[in-house]
Amino acid sequence: MDLILPDFGLLFWTALVFVLLLFVITKFIWKPILSMVNEREQKIAESLELAERTKEEMKSLQAENENILKQARAERDGMLKDAREVAAKMVEDAKTGAKTESEKILAAARQSIESEKAAAVAELKTQVASFALEIAEKVIRGELSSDDKQKMLAEKLAGDINMN
Amino acid sequence: MPLKIVHILALLMSFSLFSSGTVYAGETEEEFNVGEMIMHHIKDAHEWHLWGPDHGGTSIYLPVILVDGTSKVFSSKHFYHGKEVSFELSKDEEGHYMEGVGPAKGYALYHEKIYKLKNGQMIIKDGHAENAKPLDLSITKNVAFMFMSVILLLVILFSSVKFYKKNGAVAPKGIAKFVEPLVVFVRDDIAKENIDAHKYKKYTPYLLTIFFFILVCNLLGSIPLIGANLTGNITVTMFLALCTLLITLFSSNKNYWKHIYATPGVPMALLPIMIPIEFIGIFTKPFALMIRLFANITAGHIIILALISIIFINKSAAWGALSVPMALFISVLELLVAFLQAYLFTMLSALFIGAAVEEAHH
């Protein structure tokens, strides 16, 4: 029966020991341990947060870099395109320039040929005229060398006029 | 490694049994009384019996402190080595009590309780002493064991704190590595879980203290020779349950009492039944705490002792092949029970406190 009956002496000592234990370890053990654990947990939480933030930052930085790279690439592409266009235009310009020049030269050449030709023809004409005159003079001199011949000519000429 | 410890424990356990009670070699006529031996072991005593027979074996005699007019302090040796008085208990049963000698003169020890002799004798009727009892504040086996456990607990805890003092808030090493998870467990899974988030901090030190106190006493208590049945003593569990009850009552708020005297959602007609039930509930909860810890730890001690006793009942060491493995199994189970009961007591205390400080939910 006394197994389930409380004993005052033991109760007294239990109460004394337990209450003392409670106060001593609350003050000297639980408070420092819990504060340390809290501090560490806070530190860990902060570190995790910092890591997370850094990750975010890295991500945004990376995105920024990507953007810059993209922009640079686009710019480069643009520049290349421009350069290509300029080059093409220059070639084109050079081509057209050369063409007009050559055409001009050709035209000039043709003109000079034409004028040369005209000059040559004119000279030929004068030459031919002078030859004709000489020949005519010589013929006329021969025709007019005797009276008979003069008369025959006159009559022929008269005849030509009449026919007209 | 842990297995090895368990083996050693089992060995010690059986060793301690040789010492227990009335077991001494087959030469004596005295019958081996299992019940008496077990009761002797699980109850408190004024001596720390190590081995050998009840009288004349090896014991540590603990100080007796009596307050009877004046306070008297003397060794319990004066009882155990006093004058043994036999008397007729019933027709064929004999009872004994020890009359104190020397400084213990005028007192007698009967069933581990100290009585004041009346006209130089004990008045015992049907096995009950009717003599007056002096106020007995002796350092009994349980008290001595409690001192030891608390000292061990303090050593463990102070060396943990020393680690933090030296190293700051870093990951724990050494003994702190063992203590910290338990502390964090009590704080997070017991206190935080059951008590309002902004109130649990106030109660965490109490919960931690009962958890570690019960755990250390449970574990040390299951070590043969140095273990006493402290947490399996009704006085101790009563005190711990009383602490929880007092904390519950002193921190209770209006909402808690409203739930008792006007349980929300209960029809008015039922209140005359509900109020007494709820009111009794205030006390049955810590009462259950008291009984649970007492019964679990005492039962563990009884089972192990009973299993080992098989050897002595049959008076053959061969029975050890059966009883030792079984006792070993129960010992391992007791390790689990030691943790489980510490956890349960703390968890339920937190639950009761949590219910007392809970704010009304709208």
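# Exercises on a predicted two-chain model

B:L225 is found in the loop between helix 6 and helix 7 of chain B. The model is predicted. Each exercise below comes with its solution.

## Exercise 1: two residues with positive phi

**Task.** Find the phi of B:L225 and decide whether the residue is buried, partly exposed or exposed. Then treat B:N119 likewise.

**Solution.** 
- Step 1. Phi of B:L225 is near 70°. That is a positive value in a residue other than glycine.
- Step 2. Count the neighbours. B:L225 has 13 other C-beta atoms within 10 Å. A residue is exposed at 12 or fewer and buried at 20 or more. B:L225 is therefore partly exposed.
- Step 3. Turn to B:N119, in the loop between strand 8 (113–116) and strand 9 (124–125) of chain B. Its phi is positive, about 55°, although B:N119 is not a glycine.
- Step 4. B:N119 has 5 C-beta neighbours inside 10 Å, so it counts as exposed.

## Exercise 2: chain B as a whole

**Task.** Describe the make-up of chain B in helices and strands, its extent and its domains.

**Solution.** 
- Step 1. Chain B has ten helices and eleven strands.
- Step 2. Its C-alpha trace spans about 75 × 55 × 40 Å along the principal axes.
- Step 3. Of the 362 residues in chain B, 39% are buried.
- Step 4. Take the contacts in chain B with a separation of 6 or more. Residues 24 or more positions apart account for 58% of them.
- Step 5. The domain assignment gives domain 1 (63–138) and domain 2 (142–357). The centres of these two domains of chain B, taken over C-alpha atoms, are 34 Å apart.

## Exercise 3: the nonpolar cores

**Task.** Which elements give two or more residues to the largest nonpolar core?

**Solution.** 
- Step 1. The largest nonpolar core has 62 residues. Those with the most contacts inside it are B:A191, B:L207, B:I210, B:F211, B:F213, B:I214 and B:I353.
- Step 2. List the contributors. Chain A gives helix 1 (8–143). Chain B gives helix 4 (141–167), helix 5 (175–194), helix 6 (200–221), helix 7 (234–251), helix 9 (271–314) and helix 10 (320–357).
- Step 3. Helix 6 of chain B supplies the largest share, 14 residues.
- Step 4. Look at one residue in detail. Leave out residues up to four places away in sequence, and B:L207 touches B:V186, B:I190, B:A191, B:T346, B:S349 and B:A350.

## Exercise 4: strands of chain B

**Task.** Work out the strand order of the open sheet of three strands and name its edges. Then go through the other pairs.

**Solution.** 
- Step 1. The order is 4-3-11 in chain B, with antiparallel pairing.
- Step 2. Strand 4 (70–75) and strand 11 (135–136) of chain B each have a single partner strand, so they stand at the edges with one side left without a neighbour in the sheet.
- Step 3. Strand 3 (residues 63–68) and strand 11 of chain B pair over two bridges. B:V67 stands opposite B:L135.
- Step 4. Strand 1 (residues 47–51) and strand 2 (residues 58–61) of chain B run antiparallel, joined by four bridges. B:H49 has B:S59 as its bridge partner. Six residues lie between the strands of this hairpin, and B:G52 takes a positive phi near 90°.
- Step 5. Strand 5 (residues 83–88) and strand 6 (residues 94–99) of chain B are joined by six bridges and run antiparallel. They form a hairpin with five residues between them. B:E88 stands opposite B:E94.

## Exercise 5: the contact between the chains

**Task.** How many residues does each chain give to the contact?

**Solution.** 
- Step 1. Chain A gives 29 residues and chain B gives 32 residues.
- Step 2. Sort the side of chain A that touches chain B by class: 21 nonpolar, three polar and five charged residues.

Key:
Residues numbered from 1 in each chain as written. Chains lettered and ligands numbered in written order. Predicted model: local features only at pLDDT ≥ 70, side-chain atom pairs only at ≥ 80, totals over all residues. Contact = placed C-beta atoms within 7 Å. Nonpolar A, V, L, I, M, F, W, Y, C, P; charged D, E, K, R; others polar. Domains from an automatic or database assignment. Pairing = 2+ DSSP bridges. Core = buried A, V, L, I, M, F, W, Y, C linked by C-beta atoms within 7 Å.
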